[in-house]
Amino acid sequence: LRQGLVSDSRVLDIRQVDISTAKMLEVNGIEIPVFVITFATQEVLLFRNAKSGEVAVGAEDRVEQCTYAAVLTRVEEELADELTGGWKVVEVSCIFNVLPDGY
């Protein structure tokens with residue numbers, strides 16, 4: 001937003017969803033659940049100039065394969081949240097790989 005860009009990115013597919021780690025961690029004498037979830041996506045990463053609408057980053061026809069790892073935990077103070085039930089993503093990492101033409 002500070003650069004005058006807006007996202008026009010799209011996730012096309014999500015696959016290989018896996019809970020790779022699940023454990024209880026003790027923090028300040030309280031045990032909290034922690035999950036590491038991995039998954040792969042095919043997506044188009046695209047940002048446009050907010051004023052002109054022209055593509056500034058990425059390309060409309062460039063599909064990227066991305067592998068994500070996300071760390072989730074449950075926050076006790078937010079258990080009453082109807083939408084999340086207290087679950088929160090605390091870390092996400094991603095590896096981008098451009099797919100060859102015609103994939």
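Reader: How many bridges join strand 1 to strand 4?

Author: In this predicted model, 3 bridges join strand 1 to strand 4 (residues 46–49), and the two run antiparallel. Strands here are DSSP runs of E with at least two residues, numbered from the N terminus, and two strands pair if DSSP finds at least two bridges between them. The model is predicted, so to speak of local features a pLDDT of at least 70 is needed, side-chain atom pairs count only at pLDDT 80 or more, and totals for chains, interfaces and linings use all residues. Residues are numbered from 1 along each chain as its sequence is written, and side-chain values use heavy atoms, with hydrogens and water left out.

Reader: Which residue stands opposite F47?

Author: That is S7, which stands opposite F47 of strand 4.

Reader: And what does strand 4 do with strand 5?

Author: Strand 4 and strand 5 pair in the antiparallel sense over 3 bridges, and L46 stands opposite G58 of strand 5. The two strands form a hairpin with 5 residues between them, and G53 in the turn has a positive phi of about 80°.

Reader: What is the strand order in that open sheet?

Author: The open sheet has 3 strands in the order 1-4-5, with antiparallel pairing. Its edge strands are strand 1 (5–7) and strand 5 (55–58), each of which pairs on one side only.

Reader: Switching topic, how many aromatic pairs does a search of the whole structure find?

Author: The search finds 2 aromatic pairs, where rings of Phe, Tyr and Trp (its six-membered ring) pair if their centres lie within 6.5 Å, and planes under 30 degrees apart count as stacked, over 60 as edge-to-face and the rest as tilted. The rings of F35 and W87 have their centres 5.6 Å apart and their planes at 55°, so this pair is tilted.

Reader: Where do F35 and W87 lie?

Author: F35 lies in strand 3 and W87 in strand 7 (residues 87–98), so the pair ties together parts that are 52 residues apart in sequence. F35 is partly exposed at 25% relative accessible area, and W87 is also counted as partly exposed, at 32%; buried means under 20%, exposed over 50% and partly exposed in between, with a 1.4 Å probe and protein chains only.

Reader: What about F39 and Y68, what kind of pair do they form?

Author: F39 and Y68 form a stacked pair, with 5.1 Å centre to centre and 15° between the planes. This pair links distant parts of the chain, with F39 in strand 3 and Y68 in strand 6 (residues 64–74), 29 residues apart. At 22% relative accessibility F39 counts as partly exposed, whereas Y68, at 16%, counts as buried.

Notes:
Helix = DSSP H or I, 4+ residues; strand = E, 2+ residues; numbered from the N terminus.
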